[in-house]
Amino acid sequence: MVEEMEGAPLSIGGTALSSRLFIGTGKYGNDSLIPDVVRVSGAQVITVALRRVDFAAQHDNVMQHIPEGMRLLPNTSGARTAQEAVRIARLARAAGCGDWIKIEVIDDSRYLLPDGYATAKATEQLVKEGFTVLPYINPDLYVARSLVNAGAAAVMPLGAPIGSNRGLKTREMVRILVDEIDVPVIVDAGLGLPSHACEAMELGADACLVNTGIASAADPLRMAAAFAAGVQAGRDAWLAGRGVSSAQAQASSPLTGFLDG
């Protein structure tokens with residue numbers, strides 16, 4: 001967790017962000033929903049898989065639905081090696097998508113778990129080339145430290161397998177990253193309900209990225225607003241500081257004296 005003044009905006013790569021909810025562009029029944037999802041969620045950062053983008057297309061181009069002013073976070077979805085991730089990042093920059101890049105290197109087709117070693121190699125190279133790198137990782141402390149040492153602007157540990165909507169199954173590992181890592185920790189993947197995002201923020205995570213949890217909801221707009229509220233509630237709770245917990249009951253008012261005498 002990054003030490004911050006209370007109420008201070010999230011800062012990534014020198015960019016201040018007032019919203020701590022990042023969103024995605026995949027799995028919507030109709031991409032025309034995306035501007036309204038951005039509006040109701042208040043999100044300022046949106047990720048898009050470069051392999052989905054057809055810049056030459058006049059119609060059905062997801063980029064046409066991303067409002068101006070959003071911080072674009074292209075991702076390297078589909079990369080199976082560090083070299084492929086680096087190549088996709090360079091293509092994104094050449095296509096005008098900016099210098100932010102979310103590194104995803106996945107060579108596991110069943111659970112879609114990220115390759116930490118290849119992710120670190122890609123991060124090291126892309127930082128040298130001036131990218132602001134946000135790597136998607138298993139919540140492994142040693143991998144996270146290697147990414148910080150390589151110059152990553154944040155780390156993005158998964159809460160559960162991507163697209164599963166199963167919640168914060170990696171809670172203890174994420175808590176360790178929050179305690180030990182000195183760049184923003186953004187919980188990504190597996191958050192299917194606003195309570196999941198709230199739980200991550202209560203632990204001290206700096207932000208959450210949610211795609212499937214919003215896009216696959218029966219009412220994506222209502223769910224996007226609910227996730228925004230969940231992220232803010234968790235953030236407020238963390239700033240407030242949890243009260244003392246106890247294994248035994250603790251009366252909230254004195255149990256003696258009232259009827260004595």
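Modeller: In this predicted model, K102 is buried, with a relative accessible area of 3%.

Biologist: Why is K102 called buried?

Modeller: The term buried applies under 20% relative accessible area; K102 has 3%, and therefore counts as buried.

Biologist: Where is K102 found, and what is in contact with K102 beyond its neighbours within four places in sequence?

Modeller: K102 is found in strand β6, residues 100-103. Beyond those sequence neighbours, K102 is in contact with T47, L73, P74, N75, T76, L134, Y136, M156 and D188. An unreviewed UniProt entry places the feature "active site" at K102.

Biologist: What makes α6 roughly parallel to α8?

Modeller: Helix α6 (residues 194-202) and helix α8 (residues 220-240) pack at an angle of about 25°, with their axes 7 Å apart. Angles under 35 degrees count as roughly parallel, so α6 is roughly parallel to α8. The contact is made by P194, A197, C198, M201 and E202 of α6, and by residues of α8 including M223, F227, R235 and W238.

Biologist: How do the residues of the contact of α6 with α8 divide into nonpolar, polar and charged?

Modeller: Eleven are nonpolar, two are polar and two are charged. In handedness, α6 passes α8 in a right-handed crossing.

Biologist: Which residues of α6 are buried, and what do they pack against?

Modeller: The buried residues of α6 are P194, H196, A197, C198, A200 and M201. They pack against β9 (186-188), β10 (207-210) and α8.

Biologist: What follows α6 with a positive phi?

Modeller: That is G204, with phi near 110°.

Conventions: Residues are numbered from 1 along each chain as its sequence is written. This is a predicted model: local features need pLDDT of at least 70, side-chain atom pairs count only at pLDDT 80 or more; totals for chains, interfaces and linings use all residues. Side-chain values use heavy atoms; hydrogens and water are left out. UniProt positions are given in the numbering used here, feature names are shortened, and annotations may be inferred rather than shown by experiment. Helices (H or I, at least four residues) and strands (E, at least two) are DSSP runs, numbered from the N terminus. Buried means under 20% relative accessible area, exposed over 50%, partly exposed in between (1.4 Å probe, protein chains only). Contact means heavy atoms within 4.5 Å. Axes are lines fitted to C-alpha atoms, for helices over the stretch in contact, and angles run from 0 to 180 degrees between N-to-C directions. Angles under 35 degrees count as roughly parallel, over 145 as roughly antiparallel, 65 to 115 as roughly perpendicular and the rest as oblique. A crossing is left-handed if the near helix is turned anticlockwise from the far one by less than a right angle, and right-handed if clockwise. Ala, Val, Leu, Ile, Met, Phe, Trp, Tyr, Cys and Pro count as nonpolar, Asp, Glu, Lys and Arg as charged, and the others, Gly among them, as polar.
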